[in-house]
Amino acid sequence: MFGVYNNPDASVLTYYGLHALQHRGQEAAGIVSCEQNQNGDKSKFNIHKDLGLVLSVFSDDKILTDDLKGTSAIGHTRYSTTGSGDNRNNIQPFKVNYKDGNLALSHNGNLTNTKFLRNKLQNEGTIFQTTTDSELILHLIAKSKESDVVNKLLDAFSQVVGAYSICILTDDKLFAIRDPHGVRPFCFGKVDDSYVFSSETCALDIINADYIREVNPGEIIMIDREVVETGIEKSFQASTVDKYKHCIFEYIYFSRPDSTVFGEKVDKVRRTIGKNLAIESPAPVREPEDTKKIGIINVPDSSNTATLGYFNEMVKHNKDVKHEIGLIRSHYVGRTFIQPGKDKRKMKVKTKFNTVKGVIKDRKLVVVDDSIVRGTTSKLLVDLIKKADPKEIHLKITSPPIVSPCYYGMDFPTAEELIANQHDSNVEGIREELGVTSLSYLSTEKLLESVPYSNPKTDFCTACFTKNYPIQIEGLEEMKKEQFDD
Ligand code: SF4
(Lines give C-alpha, C1' and ligand atoms only; values in the text may rest on other atoms or scores of the structure.)
Protein backbone atom coordinates (compact mmCIF):
# COMPACT_ATOMS: atom_id res chain seq x y z
CA MET A 1 0.00 0.00 0.00
CA PHE A 2 1.19 3.43 -0.87
CA GLY A 3 -0.33 6.93 -0.88
CA VAL A 4 0.85 10.42 -1.86
CA TYR A 5 -0.70 13.84 -1.20
CA ASN A 6 0.26 17.13 -2.82
CA ASN A 7 2.63 16.21 -5.62
CA PRO A 8 2.24 16.98 -9.35
CA ASP A 9 3.70 13.52 -10.06
CA ALA A 10 1.59 11.69 -7.50
CA SER A 11 0.90 8.64 -9.68
CA VAL A 12 4.56 8.37 -10.79
CA LEU A 13 5.72 8.41 -7.15
CA THR A 14 3.04 5.82 -6.35
CA TYR A 15 4.29 3.66 -9.20
CA TYR A 16 7.84 3.69 -7.79
CA GLY A 17 6.49 3.06 -4.31
CA LEU A 18 4.56 0.02 -5.53
CA HIS A 19 7.71 -1.20 -7.24
CA ALA A 20 9.53 -1.22 -3.91
CA LEU A 21 6.55 -3.01 -2.33
CA GLN A 22 6.24 -5.64 -5.05
CA HIS A 23 7.36 -8.38 -2.63
CA ARG A 24 4.16 -7.80 -0.60
CA GLY A 25 1.87 -8.86 -3.45
CA GLN A 26 2.39 -10.13 -6.95
CA GLU A 27 -1.07 -11.01 -8.26
CA ALA A 28 -2.29 -7.56 -9.22
CA ALA A 29 -1.53 -3.87 -8.95
CA GLY A 30 -3.45 -0.61 -9.23
CA ILE A 31 -3.40 3.16 -8.73
CA VAL A 32 -6.20 5.69 -8.21
CA SER A 33 -5.33 9.37 -8.65
CA CYS A 34 -7.33 12.46 -7.79
CA GLU A 35 -7.31 15.23 -10.39
CA GLN A 36 -8.62 18.71 -9.52
CA ASN A 37 -10.08 21.13 -12.08
CA GLN A 38 -8.36 24.52 -12.57
CA ASN A 39 -10.42 26.28 -9.88
CA GLY A 40 -9.71 23.43 -7.50
CA ASP A 41 -13.41 23.10 -6.67
CA LYS A 42 -14.12 19.88 -8.56
CA SER A 43 -12.20 16.65 -8.72
CA LYS A 44 -12.13 13.54 -10.80
CA PHE A 45 -10.82 10.11 -9.76
CA ASN A 46 -8.77 8.25 -12.36
CA ILE A 47 -8.05 4.54 -12.03
CA HIS A 48 -5.88 1.91 -13.62
CA LYS A 49 -5.51 -1.61 -12.27
CA ASP A 50 -4.94 -5.09 -13.62
CA LEU A 51 -3.66 -8.57 -12.85
CA GLY A 52 0.14 -8.89 -12.92
CA LEU A 53 3.30 -7.29 -11.60
CA VAL A 54 3.64 -3.50 -11.27
CA LEU A 55 5.99 -3.42 -14.25
CA SER A 56 3.50 -5.08 -16.58
CA VAL A 57 0.35 -3.37 -15.26
CA PHE A 58 1.94 0.04 -15.89
CA SER A 59 4.06 -0.97 -18.90
CA ASP A 60 2.87 2.04 -20.95
CA ASP A 61 4.25 5.37 -19.62
CA LYS A 62 1.12 7.16 -20.81
CA ILE A 63 -0.95 5.40 -18.14
CA LEU A 64 0.91 7.42 -15.52
CA THR A 65 1.42 10.68 -17.38
CA ASP A 66 -1.90 10.99 -19.28
CA ASP A 67 -4.45 8.73 -17.61
CA LEU A 68 -3.53 9.01 -13.93
CA LYS A 69 -3.17 12.78 -13.67
CA GLY A 70 -3.59 14.47 -10.31
CA THR A 71 -1.78 15.67 -7.23
CA SER A 72 -2.77 12.83 -4.90
CA ALA A 73 -2.87 9.08 -5.44
CA ILE A 74 -3.07 5.75 -3.67
CA GLY A 75 -1.81 2.39 -4.90
CA HIS A 76 -1.88 -1.27 -4.02
CA THR A 77 -0.15 -4.52 -4.89
CA ARG A 78 -2.34 -7.49 -4.20
CA TYR A 79 -1.98 -11.00 -3.00
CA SER A 80 -5.26 -12.51 -2.05
CA THR A 81 -6.08 -13.46 1.50
CA THR A 82 -9.85 -13.14 1.07
CA GLY A 83 -11.67 -13.18 -2.26
CA SER A 84 -10.46 -14.95 -5.36
CA GLY A 85 -7.05 -13.91 -6.68
CA ASP A 86 -8.17 -14.28 -10.30
CA ASN A 87 -11.26 -12.08 -9.95
CA ARG A 88 -10.50 -8.70 -11.53
CA ASN A 89 -13.21 -7.04 -9.42
CA ASN A 90 -11.09 -7.80 -6.34
CA ILE A 91 -8.08 -5.77 -7.51
CA GLN A 92 -7.43 -2.69 -5.37
CA PRO A 93 -7.61 0.26 -4.94
CA PHE A 94 -11.43 0.27 -4.85
CA LYS A 95 -13.14 3.45 -5.96
CA VAL A 96 -16.73 4.54 -5.31
CA ASN A 97 -18.79 7.64 -5.70
CA TYR A 98 -21.24 8.32 -2.89
CA LYS A 99 -23.37 11.24 -1.74
CA ASP A 100 -20.39 13.16 -0.34
CA GLY A 101 -18.09 12.65 -3.32
CA ASN A 102 -15.39 10.22 -4.38
CA LEU A 103 -13.72 7.67 -2.15
CA ALA A 104 -10.89 5.22 -2.91
CA LEU A 105 -9.32 2.64 -0.61
CA SER A 106 -6.24 0.38 -0.40
CA HIS A 107 -6.09 -2.22 2.37
CA ASN A 108 -3.36 -4.49 3.72
CA GLY A 109 -4.51 -7.08 6.25
CA ASN A 110 -7.63 -9.07 6.91
CA LEU A 111 -10.85 -8.26 8.73
CA THR A 112 -12.02 -10.98 11.11
CA ASN A 113 -15.73 -10.10 11.43
CA THR A 114 -16.41 -10.15 7.69
CA LYS A 115 -19.39 -12.50 7.78
CA PHE A 116 -21.17 -10.41 10.39
CA LEU A 117 -20.55 -7.16 8.50
CA ARG A 118 -21.49 -8.65 5.13
CA ASN A 119 -24.81 -10.01 6.50
CA LYS A 120 -25.57 -6.72 8.21
CA LEU A 121 -24.88 -4.67 5.11
CA GLN A 122 -26.70 -7.13 2.85
CA ASN A 123 -29.79 -6.92 5.08
CA GLU A 124 -29.64 -3.15 4.70
CA GLY A 125 -29.76 -3.55 0.92
CA THR A 126 -26.07 -3.16 0.03
CA ILE A 127 -25.02 -4.67 -3.28
CA PHE A 128 -21.40 -5.86 -3.37
CA GLN A 129 -19.11 -5.62 -6.37
CA THR A 130 -16.31 -7.75 -5.00
CA THR A 131 -15.84 -10.76 -2.74
CA THR A 132 -13.27 -9.01 -0.51
CA ASP A 133 -13.41 -7.84 3.08
CA SER A 134 -11.97 -4.47 2.07
CA GLU A 135 -15.09 -3.41 0.16
CA LEU A 136 -17.13 -3.64 3.37
CA ILE A 137 -15.20 -0.70 4.81
CA LEU A 138 -16.19 1.54 1.90
CA HIS A 139 -19.86 0.68 2.44
CA LEU A 140 -19.61 1.33 6.17
CA ILE A 141 -18.15 4.79 5.49
CA ALA A 142 -20.66 5.64 2.76
CA LYS A 143 -23.60 4.54 4.94
CA SER A 144 -22.48 6.31 8.08
CA LYS A 145 -24.96 8.90 9.35
CA GLU A 146 -22.19 11.06 10.82
CA SER A 147 -21.86 14.51 9.27
CA ASP A 148 -18.13 14.92 8.49
CA VAL A 149 -15.67 12.51 6.97
CA VAL A 150 -13.52 12.02 10.11
CA ASN A 151 -16.57 11.04 12.16
CA LYS A 152 -17.72 8.78 9.34
CA LEU A 153 -14.34 7.01 9.51
CA LEU A 154 -14.47 6.76 13.30
CA ASP A 155 -17.97 5.32 13.01
CA ALA A 156 -16.98 2.82 10.29
CA PHE A 157 -13.83 1.63 12.04
CA SER A 158 -15.62 1.18 15.35
CA GLN A 159 -17.51 -1.67 13.62
CA VAL A 160 -14.50 -3.36 12.07
CA VAL A 161 -12.40 -6.06 13.77
CA GLY A 162 -9.13 -7.50 12.49
CA ALA A 163 -5.87 -6.42 10.90
CA TYR A 164 -5.82 -3.37 8.69
CA SER A 165 -3.43 -0.75 7.43
CA ILE A 166 -5.48 1.41 5.08
CA CYS A 167 -5.09 4.41 2.78
CA ILE A 168 -8.26 6.31 1.93
CA LEU A 169 -8.36 9.04 -0.68
CA THR A 170 -11.22 11.55 -0.84
CA ASP A 171 -11.70 14.54 -3.15
CA ASP A 172 -9.54 16.76 -0.96
CA LYS A 173 -7.91 14.58 1.70
CA LEU A 174 -5.69 11.54 2.22
CA PHE A 175 -6.16 9.34 5.29
CA ALA A 176 -4.02 6.61 6.85
CA ILE A 177 -5.77 4.26 9.26
CA ARG A 178 -4.24 1.40 11.24
CA ASP A 179 -5.89 -1.23 13.42
CA PRO A 180 -5.46 -0.86 17.20
CA HIS A 181 -3.11 -3.87 17.44
CA GLY A 182 -0.83 -2.62 14.64
CA VAL A 183 -0.66 -6.07 13.06
CA ARG A 184 0.63 -4.96 9.66
CA PRO A 185 3.34 -2.30 9.28
CA PHE A 186 2.48 1.23 8.17
CA CYS A 187 4.71 4.29 7.99
CA PHE A 188 4.53 7.93 7.17
CA GLY A 189 7.06 10.17 5.39
CA LYS A 190 7.57 13.43 3.54
CA VAL A 191 9.30 14.51 0.36
CA ASP A 192 9.43 18.31 -0.09
CA ASP A 193 5.84 19.45 0.56
CA SER A 194 4.32 16.07 -0.24
CA TYR A 195 3.09 13.58 2.35
CA VAL A 196 3.59 9.87 1.78
CA PHE A 197 2.18 6.73 3.44
CA SER A 198 3.62 3.30 2.83
CA SER A 199 3.51 -0.28 4.09
CA GLU A 200 7.30 -0.28 4.42
CA THR A 201 10.04 2.34 4.53
CA CYS A 202 11.87 0.85 1.51
CA ALA A 203 9.17 2.55 -0.61
CA LEU A 204 9.95 5.93 1.01
CA ASP A 205 13.63 5.46 0.15
CA ILE A 206 12.97 4.86 -3.53
CA ILE A 207 11.34 8.30 -3.89
CA ASN A 208 13.82 10.03 -1.51
CA ALA A 209 11.15 10.70 1.08
CA ASP A 210 12.16 11.19 4.71
CA TYR A 211 10.73 8.78 7.25
CA ILE A 212 8.68 10.68 9.85
CA ARG A 213 7.26 7.89 11.99
CA GLU A 214 4.93 4.90 12.12
CA VAL A 215 1.20 5.40 11.73
CA ASN A 216 0.38 4.46 15.32
CA PRO A 217 -1.86 1.50 16.03
CA GLY A 218 -5.48 2.71 16.30
CA GLU A 219 -4.59 6.07 14.72
CA ILE A 220 -6.23 7.96 11.87
CA ILE A 221 -3.94 10.51 10.21
CA MET A 222 -5.56 13.10 7.97
CA ILE A 223 -3.65 15.11 5.37
CA ASP A 224 -5.38 18.08 3.73
CA ARG A 225 -4.41 21.52 2.34
CA GLU A 226 -4.16 22.96 5.83
CA VAL A 227 -1.66 20.30 6.91
CA VAL A 228 0.44 21.03 3.82
CA GLU A 229 0.37 24.78 4.57
CA THR A 230 0.97 24.63 8.33
CA GLY A 231 3.02 21.42 8.55
CA ILE A 232 0.96 20.41 11.58
CA GLU A 233 -0.28 16.82 11.49
CA LYS A 234 -3.95 16.05 12.10
CA SER A 235 -4.28 12.86 14.04
CA PHE A 236 -7.24 11.10 15.71
CA GLN A 237 -7.06 8.08 18.00
CA ALA A 238 -9.87 5.76 16.94
CA SER A 239 -9.19 3.04 19.50
CA THR A 240 -6.56 1.79 21.93
CA VAL A 241 -5.49 -1.56 23.36
CA ASP A 242 -3.17 -2.50 26.24
CA LYS A 243 -0.66 -4.31 24.01
CA TYR A 244 0.09 -4.12 20.31
CA LYS A 245 0.21 -7.41 18.41
CA HIS A 246 2.61 -6.89 15.54
CA CYS A 247 2.92 -9.81 13.11
CA ILE A 248 6.21 -11.47 14.01
CA PHE A 249 6.29 -13.09 10.57
CA GLU A 250 7.02 -9.65 9.09
CA TYR A 251 10.46 -9.91 10.74
CA ILE A 252 10.99 -13.56 9.78
CA TYR A 253 10.04 -13.34 6.13
CA PHE A 254 7.64 -10.79 4.77
CA SER A 255 9.21 -7.34 5.12
CA ARG A 256 12.28 -6.33 3.18
CA PRO A 257 15.52 -6.27 5.22
CA ASP A 258 16.19 -2.68 4.13
CA SER A 259 12.92 -1.53 5.73
CA THR A 260 12.19 -0.20 9.18
CA VAL A 261 9.13 -2.01 10.43
CA PHE A 262 7.31 -1.56 13.77
CA GLY A 263 9.97 1.10 14.44
CA GLU A 264 12.89 -1.35 14.10
CA LYS A 265 15.36 -2.17 11.35
CA VAL A 266 14.36 -5.49 9.81
CA ASP A 267 17.99 -6.30 8.92
CA LYS A 268 19.04 -6.08 12.55
CA VAL A 269 16.15 -8.16 13.86
CA ARG A 270 16.59 -10.80 11.18
CA ARG A 271 20.32 -11.12 11.96
CA THR A 272 19.45 -11.64 15.62
CA ILE A 273 16.97 -14.33 14.62
CA GLY A 274 19.77 -16.07 12.67
CA LYS A 275 22.16 -15.68 15.58
CA ASN A 276 19.69 -17.22 18.01
CA LEU A 277 19.08 -20.11 15.65
CA ALA A 278 22.84 -20.74 15.65
CA ILE A 279 22.88 -20.71 19.46
CA GLU A 280 20.00 -23.20 19.58
CA SER A 281 21.18 -25.46 16.78
CA PRO A 282 24.81 -24.94 15.74
CA ALA A 283 26.43 -26.23 12.56
CA PRO A 284 27.90 -29.76 12.68
CA VAL A 285 31.56 -30.15 13.59
CA ARG A 286 34.10 -30.58 10.80
CA GLU A 287 35.58 -34.05 11.06
CA PRO A 288 39.18 -34.87 9.96
CA GLU A 289 37.84 -36.71 6.92
CA ASP A 290 35.89 -33.62 5.72
CA THR A 291 38.00 -32.18 2.93
CA LYS A 292 36.04 -28.91 2.85
CA LYS A 293 34.88 -26.56 5.59
CA ILE A 294 31.20 -26.83 6.60
CA GLY A 295 29.31 -24.70 4.06
CA ILE A 296 26.60 -22.36 5.33
CA ILE A 297 24.28 -21.35 2.53
CA ASN A 298 21.27 -19.11 2.33
CA VAL A 299 18.07 -19.68 0.41
CA PRO A 300 17.97 -16.43 -1.55
CA ASP A 301 16.63 -13.86 -0.92
CA SER A 302 14.42 -14.25 2.10
CA SER A 303 17.01 -15.98 4.32
CA ASN A 304 20.09 -13.96 3.24
CA THR A 305 20.17 -11.71 6.30
CA ALA A 306 19.36 -14.40 8.87
CA THR A 307 22.10 -16.59 7.35
CA LEU A 308 24.65 -13.83 8.01
CA GLY A 309 23.53 -13.75 11.64
CA TYR A 310 23.83 -17.53 11.82
CA PHE A 311 27.26 -17.59 10.18
CA ASN A 312 28.71 -14.76 12.31
CA GLU A 313 27.63 -16.54 15.47
CA MET A 314 29.29 -19.77 14.30
CA VAL A 315 32.54 -17.91 13.51
CA LYS A 316 32.46 -16.41 17.01
CA HIS A 317 32.57 -19.94 18.37
CA ASN A 318 35.54 -20.89 16.16
CA LYS A 319 33.51 -23.25 14.06
CA ASP A 320 35.26 -24.36 10.92
CA VAL A 321 32.59 -22.90 8.64
CA LYS A 322 32.43 -20.98 5.40
CA HIS A 323 29.59 -18.81 4.11
CA GLU A 324 28.98 -19.81 0.52
CA ILE A 325 26.59 -18.82 -2.23
CA GLY A 326 25.36 -22.28 -3.13
CA LEU A 327 21.95 -21.40 -4.53
CA ILE A 328 21.34 -18.91 -7.29
CA ARG A 329 17.94 -17.37 -7.65
CA SER A 330 16.43 -16.17 -10.87
CA HIS A 331 14.80 -12.83 -10.15
CA TYR A 332 12.34 -13.10 -12.96
CA VAL A 333 9.88 -15.31 -11.07
CA GLY A 334 7.97 -14.35 -7.94
CA ARG A 335 8.47 -15.51 -4.38
CA THR A 336 6.96 -18.93 -3.96
CA PHE A 337 4.60 -19.44 -1.07
CA ILE A 338 2.38 -16.55 -2.03
CA GLN A 339 1.64 -17.94 -5.48
CA PRO A 340 -1.90 -19.34 -5.37
CA GLY A 341 -2.35 -22.93 -6.62
CA LYS A 342 -0.05 -25.86 -5.96
CA ASP A 343 0.98 -26.71 -9.52
CA LYS A 344 2.04 -23.15 -10.19
CA ARG A 345 4.22 -23.41 -7.08
CA LYS A 346 6.03 -26.49 -8.41
CA MET A 347 6.75 -24.76 -11.66
CA LYS A 348 7.97 -21.66 -9.85
CA VAL A 349 10.44 -23.61 -7.69
CA LYS A 350 11.86 -25.40 -10.71
CA THR A 351 12.42 -22.16 -12.56
CA LYS A 352 13.51 -20.17 -9.52
CA PHE A 353 16.69 -21.81 -8.19
CA ASN A 354 19.84 -23.41 -9.47
CA THR A 355 22.83 -24.76 -7.55
CA VAL A 356 26.51 -23.84 -7.71
CA LYS A 357 27.78 -27.39 -8.09
CA GLY A 358 31.43 -26.78 -7.10
CA VAL A 359 30.35 -25.18 -3.81
CA ILE A 360 27.99 -27.97 -2.81
CA LYS A 361 29.74 -31.15 -4.04
CA ASP A 362 31.21 -33.38 -1.28
CA ARG A 363 30.46 -30.78 1.39
CA LYS A 364 28.53 -30.86 4.64
CA LEU A 365 25.97 -28.11 4.20
CA VAL A 366 23.93 -26.00 6.55
CA VAL A 367 20.99 -24.60 4.61
CA VAL A 368 19.25 -21.69 6.35
CA ASP A 369 15.63 -21.01 5.33
CA ASP A 370 12.92 -18.83 6.85
CA SER A 371 9.96 -21.19 7.13
CA ILE A 372 8.33 -24.39 5.97
CA VAL A 373 4.65 -24.02 5.09
CA ARG A 374 3.31 -26.93 3.04
CA GLY A 375 6.77 -28.40 2.56
CA THR A 376 6.42 -28.52 -1.22
CA THR A 377 8.99 -25.79 -1.81
CA SER A 378 11.45 -27.17 0.75
CA LYS A 379 11.21 -30.70 -0.66
CA LEU A 380 11.85 -29.51 -4.21
CA LEU A 381 14.75 -27.38 -3.01
CA VAL A 382 16.32 -30.28 -1.10
CA ASP A 383 15.97 -32.52 -4.19
CA LEU A 384 17.70 -29.84 -6.25
CA ILE A 385 20.58 -29.48 -3.77
CA LYS A 386 20.98 -33.26 -3.62
CA LYS A 387 21.57 -33.38 -7.37
CA ALA A 388 24.75 -31.34 -6.71
CA ASP A 389 26.06 -34.15 -4.46
CA PRO A 390 26.53 -32.71 -0.96
CA LYS A 391 27.80 -34.98 1.83
CA GLU A 392 25.05 -33.93 4.24
CA ILE A 393 22.24 -31.37 4.37
CA HIS A 394 21.37 -29.78 7.71
CA LEU A 395 18.24 -27.67 7.26
CA LYS A 396 17.91 -24.82 9.78
CA ILE A 397 14.64 -22.87 9.88
CA THR A 398 14.49 -19.36 11.33
CA SER A 399 10.92 -19.80 12.60
CA PRO A 400 9.05 -22.38 14.70
CA PRO A 401 6.88 -24.95 12.86
CA ILE A 402 3.79 -23.30 11.30
CA VAL A 403 0.80 -25.15 12.74
CA SER A 404 -2.14 -22.84 12.23
CA PRO A 405 -3.51 -20.56 9.50
CA CYS A 406 -3.23 -16.78 9.61
CA TYR A 407 -6.48 -14.80 9.73
CA TYR A 408 -4.72 -11.42 9.77
CA GLY A 409 -3.46 -11.12 6.22
CA MET A 410 -0.87 -13.78 5.48
CA ASP A 411 -1.89 -16.36 2.93
CA PHE A 412 -1.14 -19.63 4.70
CA PRO A 413 -3.12 -22.71 3.68
CA THR A 414 -5.56 -24.66 5.86
CA ALA A 415 -4.25 -26.44 8.96
CA GLU A 416 -4.39 -29.84 7.20
CA GLU A 417 -2.15 -28.66 4.39
CA LEU A 418 0.63 -27.54 6.74
CA ILE A 419 3.45 -30.09 6.79
CA ALA A 420 3.94 -29.69 10.56
CA ASN A 421 0.34 -30.82 11.15
CA GLN A 422 0.67 -33.74 8.77
CA HIS A 423 3.37 -35.03 11.14
CA ASP A 424 1.74 -33.90 14.41
CA SER A 425 4.65 -31.44 14.81
CA ASN A 426 7.05 -34.38 14.93
CA VAL A 427 10.28 -32.86 13.58
CA GLU A 428 11.78 -36.27 12.85
CA GLY A 429 8.79 -37.11 10.62
CA ILE A 430 9.15 -33.83 8.73
CA ARG A 431 12.90 -34.39 8.39
CA GLU A 432 12.29 -37.79 6.89
CA GLU A 433 9.72 -36.48 4.41
CA LEU A 434 12.07 -33.70 3.30
CA GLY A 435 14.98 -36.14 3.05
CA VAL A 436 17.61 -34.10 4.92
CA THR A 437 20.34 -35.23 7.34
CA SER A 438 18.96 -33.06 10.15
CA LEU A 439 16.20 -30.49 10.58
CA SER A 440 15.99 -27.79 13.26
CA TYR A 441 13.50 -25.01 13.87
CA LEU A 442 13.97 -21.89 15.99
CA SER A 443 11.93 -22.19 19.20
CA THR A 444 9.10 -19.72 19.88
CA GLU A 445 10.90 -18.63 23.08
CA LYS A 446 14.10 -17.77 21.20
CA LEU A 447 12.12 -16.08 18.44
CA LEU A 448 10.43 -13.85 21.01
CA GLU A 449 13.85 -13.12 22.51
CA SER A 450 15.11 -12.01 19.08
CA VAL A 451 12.60 -9.18 18.57
CA PRO A 452 12.89 -5.75 20.22
CA TYR A 453 10.38 -4.35 22.70
CA SER A 454 11.24 -0.68 22.43
CA ASN A 455 7.75 0.56 23.25
CA PRO A 456 6.09 -0.53 26.52
CA LYS A 457 3.05 -1.55 24.47
CA THR A 458 5.03 -3.69 22.02
CA ASP A 459 4.03 -7.32 21.78
CA PHE A 460 3.71 -9.79 18.94
CA CYS A 461 1.25 -12.11 17.30
CA THR A 462 2.66 -15.64 17.06
CA ALA A 463 -0.63 -17.41 16.33
CA CYS A 464 0.58 -19.39 13.31
CA PHE A 465 3.15 -21.06 15.61
CA THR A 466 1.18 -21.14 18.86
CA LYS A 467 -2.54 -21.05 17.90
CA ASN A 468 -2.94 -18.12 20.34
CA TYR A 469 -4.96 -15.68 18.26
CA PRO A 470 -4.77 -12.24 19.88
CA ILE A 471 -7.65 -10.64 17.95
CA GLN A 472 -11.14 -12.02 17.99
CA ILE A 473 -12.00 -14.12 14.90
CA GLU A 474 -15.63 -14.85 14.17
CA GLY A 475 -16.35 -18.57 13.85
CA LEU A 476 -12.84 -19.55 15.02
CA GLU A 477 -14.05 -22.28 17.34
CA GLU A 478 -16.08 -23.88 14.52
CA MET A 479 -13.14 -23.54 12.11
CA LYS A 480 -10.77 -25.10 14.64
CA LYS A 481 -13.22 -27.95 15.09
CA GLU A 482 -13.42 -28.55 11.35
CA GLN A 483 -9.65 -28.27 10.92
CA PHE A 484 -8.36 -30.12 13.94
CA ASP A 485 -11.09 -32.63 14.83
CA ASP A 486 -11.42 -34.22 11.39
S1 SF4 B 1 -0.78 -15.61 12.56
FE2 SF4 B 1 1.41 -15.56 12.00
S3 SF4 B 1 1.47 -14.59 10.00
FE4 SF4 B 1 -0.54 -14.14 10.89
S5 SF4 B 1 -0.31 -12.18 11.92
FE6 SF4 B 1 0.09 -13.74 13.44
S7 SF4 B 1 2.32 -14.06 13.35
FE8 SF4 B 1 1.72 -12.98 11.51
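Contact means that heavy atoms lie within 4.5 Å of each other. Keep that in mind as we look around this predicted model.

Q: What do the buried residues of helix 5 pack against?
A: Their partners are strand 5, strand 6 (101-111), helix 4, helix 6 and strand 7 (162-170). The residues in question are Ser134, Glu135, Leu136, Ile137, Leu138, His139, Leu140 and Ile141.

Q: What makes helix 5 largely enclosed by the rest of the structure?
A: A residue is buried when its relative accessible area is under 20%. Eight of the ten residues of helix 5 pass that test, so this helix is largely enclosed by the rest of the structure.

Q: Which residues make the contact of helix 4 with helix 5?
A: Helix 4 brings Thr114, Leu117, Arg118, Lys120 and Leu121, and helix 5 brings Leu136, His139, Leu140 and Lys143. Sorted by class, this contact has four nonpolar, two polar and three charged residues.

Q: What makes helix 5 oblique to helix 6?
A: Here the packing angle is about 130°, between helix 5 and helix 6 (residues 149-157), with axes 8 Å apart. Roughly perpendicular stops at 115 degrees, and roughly antiparallel needs an angle over 145. The value of about 130° falls between those limits, which makes helix 5 oblique to helix 6. The crossing of this pair is right-handed.

Q: Which residues meet in helix 5 and helix 6?
A: From helix 5 come Ile137, Leu140 and Ile141; from helix 6 come Lys152, Leu153, Ala156 and Phe157. By class, that contact has six nonpolar, no polar and one charged residues.

Now for the aromatic rings.

Q: How many aromatic pairs does a search of the whole structure find?
A: The search finds 16.

Q: Why is the pair of Tyr79 and Phe254 called tilted?
A: Ring centres must lie within 6.5 Å to pair, and planes under 30 degrees apart would be stacked, while planes over 60 would be edge-to-face. Tyr79 and Phe254 are 5.6 Å apart centre to centre, with 50° between their planes, and this pair is tilted. Tyr79 is in the loop between strand 4 (72-78) and strand 5 (94-98), and Phe254 is in helix 9 (residues 249-254), so the pair ties together parts that are 175 residues apart in sequence.

Q: How do you know whether Tyr79 counts as buried or exposed?
A: The cut-off for buried is under 20% relative accessible area. Tyr79 has 8% relative accessibility and counts as buried. Phe254, at 1%, counts as buried too.

Q: What kind of aromatic pair do Tyr251 and Phe262 form?
A: Planes over 60 degrees apart count as edge-to-face. The planes of Tyr251 and Phe262 are 90° apart, and the centres 5.6 Å, making this pair edge-to-face. Tyr251 sits in helix 9 and Phe262 in the loop between strand 15 (260-261) and strand 16 (264-265), eleven residues apart. Tyr251 is buried, with a relative accessible area of 0%, and Phe262 counts as buried at 8%.

Q: Which residues do ring pairs link into a cluster?
A: The cluster holds Tyr79, Phe249, Tyr253, Phe254, Phe412 and Phe465.

Last, a look at the backbone.

Q: What kind of peptide bond joins Gln92 and Pro93?
A: That bond is cis, with omega about 0°. Pro93 is in the loop between strand 4 and strand 5. Pro300 and Asp301 are also joined by a cis peptide bond, with omega about -10°.

Q: Why does Asp362 count as partly exposed?
A: Partly exposed covers the range between buried, under 20%, and exposed, over 50%. Asp362 has 42% relative accessibility and therefore counts as partly exposed. Asp362 also has a positive phi of about 60° although it is not a glycine.

How values were computed. Residues are numbered from 1 along each chain as its sequence is written. This is a predicted model: local features need pLDDT of at least 70, side-chain atom pairs count only at pLDDT 80 or more; totals for chains, interfaces and linings use all residues. Side-chain values use heavy atoms; hydrogens and water are left out. Helices (H or I, at least four residues) and strands (E, at least two) are DSSP runs, numbered from the N terminus. Ala, Val, Leu, Ile, Met, Phe, Trp, Tyr, Cys and Pro count as nonpolar, Asp, Glu, Lys and Arg as charged, and the others, Gly among them, as polar. Rings of Phe, Tyr and Trp (its six-membered ring) pair if their centres lie within 6.5 Å; planes under 30 degrees apart count as stacked, over 60 as edge-to-face and the rest as tilted. Buried means under 20% relative accessible area, exposed over 50%, partly exposed in between (1.4 Å probe, protein chains only). Axes are lines fitted to C-alpha atoms, for helices over the stretch in contact, and angles run from 0 to 180 degrees between N-to-C directions. Angles under 35 degrees count as roughly parallel, over 145 as roughly antiparallel, 65 to 115 as roughly perpendicular and the rest as oblique. A crossing is left-handed if the near helix is turned anticlockwise from the far one by less than a right angle, and right-handed if clockwise.
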